[in-house]
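Thank you all for coming.

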Amino acid sequence: MIIGARPGKPSKLRRLIAAAMARDLTTFIIPGPEIVRSYGLDIDATGLKPVASPRHASVLLVAGVTSSALRDAAAVIYAQMMRPRALFALGAGELSPLPPADVIAGLSQQGLIQGVRQLRDAFAEGAFRPDVSDFDAPILHVRIEYTCPMHPEVVQNAPGACPKCGMNLVPREVQADSEYLHTAQHKAGSSTDIPLTPRPGQSDHHGINHDAAVEYTCPMHPEVIQSEPGSCPKCGMYLVPRDAQVESSHDHHDHAHSQEHEHHKMDHDAAIEYTCPMHPEVIQSEPGSCPKCGMNLEPRKTQDIQTHEHADMDSATDHGSMDHSGMDHGDMVFMSMVDVTKDLPRSSDGLPMEWIDAPFGPFFPGLPGGLLLTLTLDGDTVAGSDARPLTDNLDLSQHPPTDSTSFVRQLAGMDPLAPVAYRLLAYRALENAAGLDVPAGTAAARIGAMERERITSHLGWLSLFGQQSGFNWLMQHAASLQLAFLHADVTQAMALKPVMQALIKRLQRTPLLKSRTAGIGRLTADTALRGPVARASGVNNDARSTETACTTLGFTPVSREGGDALARLHVHLDEISHSLVLIEAAGAIELPVLADIGDVSGAGETMVETPRGMARLQLTLERGQVIAAQLETPSTHHITLIDSLTEQQSLGDALMAVGSLDLSPWEVRQ
Amino acid sequence: MITAQALYIGFFGLASVWFGIVVFRTFSMVRSALALLFSQTALGAMFLSMQAEFLGVLQIMMMATEMSIMAIFMVMFMMDPGGLGKMDMTHQKRLSLVAGIVSFVAAVAVAVFVDWGPVASVAPDAEQQVVDLGLELLGRSMLIFETAGITILTAMIAATAVAIPPVKRNPLKGTANHEH
Amino acid sequence: MSIELLLALITGAALFGVGVYGALSQTNLVMIMMGIELILAGAMVNLVAFWRYLHPDNPAGQMFVLIVMTVMAIEMTVGFGVAIARFRAKGSVEMEEATDLKG
Amino acid sequence: MTTAFLLLLLAVGAYLVAVIEAWTSSGRFRLAAPAFAALALLGRESIVPRKSDRVFFETAPVLLLISALLAAAVIPLTPDLIITDLATGALFINAALVYVLVALLMAGWGPNGAYAMVGGWRFLGQLIAYAMLIVMPITAVVMRAESLLTTQIVVSQAGLWNIVYQPLGFILFFVASMALAFLPPFDLTTAKGELAGGVEAEYSGARLAVFRLGRLVLIITLAAATVVFYLGGWQGPWLPPWAWSAIKILAVTATMLLAGRYMPRIRETDLLGWCWMLGIPLALLNILLVGVLVLVLP
């Protein structure tokens, strides 16, 4: 029996269909296939078919313990799946707001295989049931608000006509409590009726967050809007606060009687400036003609920080100016498109068009699981982006002080994509603080383990790259190699060497691969870059060059010029071959084991070259207890690059650029 | 008497006109464009029932691409392509209606009252038509055909030249039009 | 005269009428173009009907239809070229607002 | 009678295409898998997203299937095994296939989702470009056959198949067919890792089943068209004509499906750029070459 069965009495035909369903289980994997593989699970071997859209999946597979934000997102995915649907939890703890799992199994291949068998039985028996209750969760609740299709700034709670153009307002749903996915998911009467993405015709305009009370925007770049203070990613200026719309009403009649505060975004605080239709760079405060072409300048509204603040303080003035601007349009029978499009941001092709915020993630196939990427699409072009991890941020503040064993466990469990690297990092820092020396043999064996993880991680990335770019063969081949390398010893790793070399050779002569990646996501050499991303831009900062244990094994850092996705692909491939050489030289693979550091005090700092780049850990020991720690990880910086890499790229290129950064949302420090 | 051919012509003609009316009666611009497409497709089917096989197939083929392009332009140029706001986008409605009806009535009157002379009952078979049309195009009407070709080429080049963005004269301010 | 010819001519007249209404009443350039397409379609029906029922032996009738199709294509090309240029400059393809050349 | 028999053949063909497609994408050859998948799809809920353009959403899968079937109607498997031998058959195939575009536009706009919409508009650009590469090589084929009849086109290749007579045309047509059926590496419309299924993303249950069936019929129709135009249709020694048609069509289908497995998806700018700047000049060159050959050779 499955909780998400399809309503209906079991009949003979339905039993036949249920039997067919049991043999054709499609699955949507949470948090993502590469993470599930890093736990050593081979989904392919069980006959579960991974699919790209929740609409096409019958099984929701949740592996590992996920953060509450990820569980909320998973609940939305579950609601989007068609019944009959089943929830399959692998080693997951708390699942709410998801319903209780239909099948629970341990986080092991054995558990997976058994679980799939149980799932098949459950489908064959209970795909149809007469009594089925709907799935519901707080994240799915929405409230209805009304907005004008032409004036997105007009938002009110009751239906009516737009005060600016007289059009009928159209209803729209917004999430009742929305911290993320704010336009993405809607709740319907039926639990299965949830759209994957917002309505193209009536979506939110870029950056208008209807639920936030205060948002921050850049005075120079009005398109930059975020919910917390900070600096503008484009120009570095401090963002200024302003009111976002909270259920504002623009209705004239209401207005006269009620003292309701009015908040507006675009029009009423505007000053007028004049610009040339042909030369947008010409802007002046008085009317006149363009110095370049002599055309008459056209008025347009501009936003002024000071007016904003003023408006916040004095609502009477606010009302007055609003009325005025509202009247301008409200009395018109004909709706002017010039006015409507004037305030729209123009994209690179100069055509003002409607922008759509489309969520990609946090479980988007082809992007790292756990990463929520919201792209503002202008047709097929990306006009803006917002990336954030929905994973739990490991708290390293260490109150109360933790002992070294649990500290190591914490750090090693932080990133499922690089457990060895972070374990080693914790180790080295502890040893450094305690002043312990590591024997050369152990150091070499640790390098072996590190390099093996590098290979697995890079293969996982290659598989993800294959998935994203529709390169099926690479996706499957790299995935199976990743699983083979995951627990391989030295001899097994060496046995896989020819296969690896064949893969690399094959990639070098794959048609279309070069044109697909060359020139995409280009990054100039910058010392803030880390790991393969840095080395693909010709920057040679590899923490391994400073380690004598590595250099004695014959390590030389690889580096490529170009700084684009192609160079990153090559660096990843080069590093895989180098890592194989290092493993061979190290002659042993041994995961670090906890040595007794004793009852010491001191401070330690160390760096480890994780598969994604250099991570740095500083910690303070007091009588064997960790009292303070500070971690710096490569993805923390790389995730901030997304905005500039994706801007004005076509969607495919933008996603490729994000993918080529090889981000791990789990290690991003917020 | 009513022949099968007359039935077909009547049916597809009616469909064509009905879709043509839908074009101006729906608020959704995408629906407008696709209604026009189906109006033209019905017209193509009508040509087929009038035994003009080549023209019918050509009409069906050409209009599908043309109207799809129209649909994307509608979405581009309209702020509310889904027609959610049900806004009125017309002017001089009464005048237009009168003009439309007058032209319809006049054309029907001409069709009814003019003596069209003897009506041919058989048309050449489709294969023969294709051959004839080919010979016509590359024979007597070659100049017209070539002129049409050159004209459309010119129109394409001119339209592209008009439509591409103006060259930015100051490379330093290349991003100026992103900001506003 | 035959009923087929009459039906075809009435269809042509109706399409022409609808097209005239559309071309005159719409304010959006693209919608106006749709009206013009319908007018041309009406003309096309008549041409095919005349060819089929009056001069089936003369392929020049069919050639006329081809020419009308070309005209439709040219109308589309030029129309969209103008529409894009105008949208780029003004952000609007509303003909009510195209008053630049008005005295 | 012939029609019913051909529809049955088409269904069998579509099923085989599904088997081959599953084999090329997962590496496993399982003859029964598509049957289970189809049953499972039919048993699953199929919902219409709220606020969708319902007319479009419902029509799109059916229109896709119909346009593929119409294109199949003029394809001869043997001299007599053809639904209708239209005098404008070669043009008719293209006319029917253009409605694939209309269907996908509807499927993209209908369901009210960004992924689907981007997928739909992407296909618009793709098809307008590649429909040119369908119709221009066909022109060259028709020039040699001196007829638009598809049966006549097969007969014209009795001495020499068109793949040898006009190899350039064959390559262009083959590539354009793959693009038209949005097969990898031209699957920008459904793009699994980019758009999570694109136009398919919002379809589910029975509607998705119809959509996928339409696409399978489309693939086999295009493969059959390639065989008719370039690989001599039913012609071949020893075996009966229907056997040759079947073998050739399945071989072409397998090639089309297999090619995409070993390369990444093409970039959209490349997809359009190569078509307009390389494909169309080459297609014109092909017409010129064939014109010269037709005049020079007896």
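**Confidence, interfaces and one leucine**

Within chain D, the lowest confidence falls in α9(D), where the mean is 80, while the highest is found in helix α8 (residues 167–180) of chain D, at 92. This is a predicted model, and for chain D as a whole the mean pLDDT is 86, with 99% of its residues at 70 or more. The scores for the model are ipTM 0.82 and pTM 0.80.

Let me turn to the interfaces. Between chains C and B, the contact involves 63 residues of chain C and 67 residues of chain B. On the chain C side, the elements that supply two or more residues are α1 (3–25), α2 (29–53) and α3 (60–90) of chain C, and the residues on that side comprise 45 nonpolar, 12 polar and six charged.

Finally, consider A:L481, which sits in helix α13 (residues 472–486) of chain A. Is A:L481 buried or exposed? A:L481 counts as buried because 22 other C-beta atoms lie within 10 Å, where the cut-off is 20 or more. Beyond its neighbours within four places in sequence, A:L481 is in contact with A:L459, A:L496, A:V499, A:M500 and A:L503; A:L459 is 22 residues away along the chain, with 7.1 Å between the two C-alpha atoms.

Terms used
Residues numbered from 1 in each chain as written. Chains lettered and ligands numbered in written order. Predicted model: local features only at pLDDT ≥ 70, side-chain atom pairs only at ≥ 80, totals over all residues. Contact = placed C-beta atoms within 7 Å. Helix = DSSP H or I, 4+ residues; strand = E, 2+ residues; numbered from the N terminus. Nonpolar A, V, L, I, M, F, W, Y, C, P; charged D, E, K, R; others polar. pLDDT = per-residue confidence, 0-100. Buried ≥ 20, exposed ≤ 12 C-beta atoms within 10 Å, placed from the backbone.
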